Amino acid sequence: KGELRMQSLTFDDAGMYQCIAENMHGIIYANAELKIVASPPTFELNPMKKKILAAKGGRVVIECKPKAAPKPKFSWSKGTELLVNGSRIRIWDDGSLEIINVTKLDEGRYTCFAENNRGKANSTGVLEMTEPTRITLAPLNVDVTVGENATMQCIASHDPTLDLTFIWSLNGFVIDFEKEHEHYERNVMV
């Protein structure tokens, strides 16, 4: 195929590489630069969110995405307690922390630690629990004669500290009330 594969790269492998393809009709060249990147973890460009919200009884994934080369090893703490994989807590390979069945006891300061052979860094955020959003009145099936109007209702309860948005879809496609205002009308009741 004309591939060049390199393993266990070092800084000496950096430079301009040239591929030459040749047959009886001629010769053609293509160039590419190989840069070797090595840096300690840093959260400067992508710090952890300072405030993370999780619904009571739900699932939350807290991202940890430092810039680093080579890929760092990750660990997490809640306050001073080191976290390990368990039935409700899992540290993903990409560094993210997943918590399922969130409870009030999960609230607190979470710190992600990233370390490679170039150095280490950490970033911290605070997890806060919110009440889950629940649909308290779901739309009902409606039989309507062609040409008549139909009304469907949807009512939900939610945490008062959060905004709530209703999105309607038809057969899996979101209804655009701006474009289809002659056919659909949205009535918002507070």
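Q: Leaving aside neighbours within four places in sequence, with which residues is Ser-157 in contact?
A: The model is a predicted one. Once neighbours within four places in sequence are set aside, the contacts of Ser-157 are Pro-132, Thr-133, Arg-134 and Thr-136.

Q: In which strand is Ser-157 found, and is this residue buried, partly exposed or exposed?
A: Ser-157 belongs to strand S14, which covers residues 155–157. Buried means under 20% relative accessible area and exposed means over 50%. Ser-157 has 32% relative accessibility, so the residue counts as partly exposed.

Q: What distance separates the C-alpha atoms of Ser-157 and Gly-58?
A: Along the chain, Ser-157 and Gly-58 are 99 residues apart.

Q: Which cysteines form the disulfide?
A: A search of the whole structure finds one disulfide. A disulfide is a covalent bond between the sulfur atoms of two cysteines. Here the sulfur atoms lie 1.9 Å apart, and the pair is Cys-64 and Cys-112.

Q: How many residues apart in sequence are the parts that the disulfide pair ties together?
A: The disulfide joins Cys-64 and Cys-112. Cys-64 lies in the loop between strand S5 (59–62) and strand S6 (67–69), whereas Cys-112 lies in strand S11 (residues 108–116). The pair therefore ties together parts whose separation in sequence is 48 residues.

Q: Is the disulfide of Cys-64 and Cys-112 left-handed or right-handed?
A: The torsion about the S-S bond of Cys-64 and Cys-112 is about -75 degrees. Because of this torsion, the disulfide is left-handed.

Conventions. Residues are numbered from 1 along each chain as its sequence is written. This is a predicted model: local features need pLDDT of at least 70, side-chain atom pairs count only at pLDDT 80 or more; totals for chains, interfaces and linings use all residues. Side-chain values use heavy atoms; hydrogens and water are left out. Helices (H or I, at least four residues) and strands (E, at least two) are DSSP runs, numbered from the N terminus. Buried means under 20% relative accessible area, exposed over 50%, partly exposed in between (1.4 Å probe, protein chains only). Contact means heavy atoms within 4.5 Å. A disulfide is a pair of cysteine sulfur atoms within 2.5 Å.
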